[in-house]
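Trainee: Hi! Could you walk me through this one?
Mentor: Happy to. Let's open it up first.

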Amino acid sequence: MSKVVAELKYSAEHEWVAADGSGPAGIGISAVAADALGDIVYVDLPEVGATVTAGETCGEVESTKSVSDLYAPVTGEVTEVNDAVVSDPALINSDPYGAGWLFKVAVAEEGPLMSAEEYAAANGGEL
Amino acid sequence: MSENYTALYEQHKKAGASFTDFGGWQMPLKYESELAEHHAVRNAAGLFDLSHMGEVWVSGPDAAAFLDYALAGKLSAVAVGKAKYSLICQEDGGIIDDLISYRRAEDKFLVVPNAGNAVVVAAALAERAAGFDVTVEDVSAETSLIAVQGPHAEAILLTLVPAGQHELVTELKYYAAVEVGITVNGAVQDLLLARTGYTGEDGFEIYVPNEDAAGLWEALLEAGADPGLIPAGLACRDSLRLEAGMPLYGNELSREGNPYAAGLGPVVSLAKESDFVGKAALAELKAAGAGSTTGRKLVGLKGLGRRAGRSHYPVLKDGKVVGEVTSGQPSPTLGYPVAMAYVDVEFTEPGTTLHIDLRGKAEPFEVVALPFYKREK
């Protein structure tokens, strides 16, 4: 079973948000989504300084078999992008909540987010 | 659509497969990582369950003459023991299926259609058999098919074949088949072994009764563990066959398409003295220059960027739509995106730069000769 991390919040589009209110929020995609996509080979991320809007597309994730839009789970300015994951997208499969994080946002407003329990109940996955 | 399970379903579940529907069958898509499975087939070996494929025996005094009539190729010219890739076409030249036929005796062939087409092909063969002294028997339901593909395939297989029969395997040529003793569940059984496959690698396909399929699967897994054989699913089968430039029915081949546009003109034997279904239409298509001077032609496209084209994406020349992608994805072996596409013939010269419309952004691709990948021999 794919892992769901208890301390994170999740969007319906399978992004996770690490926001403790003490700075920009880290954003990535859940293990449930990474497993469903298969081996990820390419990722297109927003640029530092760009404004992303909750619920709107801000990039894409491509696996060997398909391509999926990446949705912003929050609204705000992108403060940092994970260059390591751009050069080695397989990090999203191997460590979706760690080395496979995607970008950070100075959050102006959160989109509709779920708790880990709610996300696991809706999508499967193991807390 | 009915849901069929192969005799190896429990083996796949045990190995942690995720499943997908393919031609009405629940088939393993991948076990752990489709990329790891892809590389295993290129570098060591992979084990595939192909039991969803059809198996139809055609036998009787007119078997060869009948297949000459029913299929586009000249099956009567195939030597006993050899196999031939062919097409079964409609009257209008449209492709019903691509299939492999093994000649097992002067008067006996095994015809292997694709999963989703097996019923239709068996029915078309039965219908076309009228007037021929021939029996058409669909044994798909009782027959499993297991493939071991990759550079170590031969060595793995030999561990299950009695020493006295090793030469039957090592001397077996590509696109040929032989009955050989293979150890299954502790007993040596005579099974039909074919040196064919759909991965671009050396390898074998083994026809086995359903009740012995699990035993053979386990035996091959055990025999291949050391050289790195792993079970391989449909996801890597698709990336492997795409790299090898092999068409997939439903993507590159269809009833609406024709063999000349698909680059399969050499498979059509217009020189056959006898008539065959689709001959008149195909002769007309060829005379009109289908796939050479008119219409569209199937080409290989090599991505110059990192993003991959996908099935049905438009192909552009100077912003104008001149084709459509039929299959595409990043090539795990080559490290760049590859695609097959039907493109207006005037833009199919290798070296031509085209673009694929990737969800609104045009990305450059170069026309290249197929296959993308060819193994070293």
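Mentor: One term before we start: a salt bridge is a side-chain nitrogen of Lys or Arg within 4 Å of a carboxyl oxygen of Asp or Glu. Also, keep in mind that this is a predicted model.

Trainee: Got it. How many salt bridges are there between chain A and chain B?
Mentor: The count is 3. In one of them, the side chains of Glu60(A) and Arg359(B) meet at 2.8 Å, N to O.

Trainee: And which elements of chain A give two or more residues to that side?
Mentor: Those are helix 1 (31-37), strand 4 (40-44) and strand 6 (57-63) of chain A. By class, the side of chain A touching chain B has 6 nonpolar, 4 polar and 6 charged residues.

Trainee: What area is buried between the two chains?
Mentor: About 1300 Å², with carbon and sulfur atoms giving 42% of that. On the chain A side, Asp39(A), Tyr42(A) and Thr64(A) lose the most area to chain B, together 40% of what that side buries.

Trainee: New topic: how many aromatic pairs are there over all chains?
Mentor: There are 8. Take Tyr9(B) and Phe19(B): their ring centres are 4.8 Å apart and their planes at 45 degrees, so the pair is tilted. Together with Tyr5(B), these two form one aromatic cluster.

Trainee: What about Tyr102(B) and Tyr207(B), how are their rings arranged?
Mentor: That pair is edge-to-face, 5.9 Å centre to centre with 75 degrees between the planes. Tyr102(B) lies in strand 7 and Tyr207(B) in strand 13 of chain B, so the pair ties together parts 105 residues apart in sequence.

Trainee: Is Tyr102(B) buried or exposed?
Mentor: Tyr102(B) is buried, at 0% relative accessibility. Tyr207(B) is buried too, at 7%.

Note on methods. Residues numbered from 1 in each chain as written. Chains lettered and ligands numbered in written order. Predicted model: local features only at pLDDT ≥ 70, side-chain atom pairs only at ≥ 80, totals over all residues. Heavy atoms only, no water. Buried area = accessible area lost by both parts, 1.4 Å probe. Helix = DSSP H or I, 4+ residues; strand = E, 2+ residues; numbered from the N terminus. Nonpolar A, V, L, I, M, F, W, Y, C, P; charged D, E, K, R; others polar. Phe/Tyr/Trp six-rings, centres within 6.5 Å; stacked < 30°, edge-to-face > 60°. Buried < 20%, exposed > 50% of the residue type's maximum accessible area, 1.4 Å probe, protein only.
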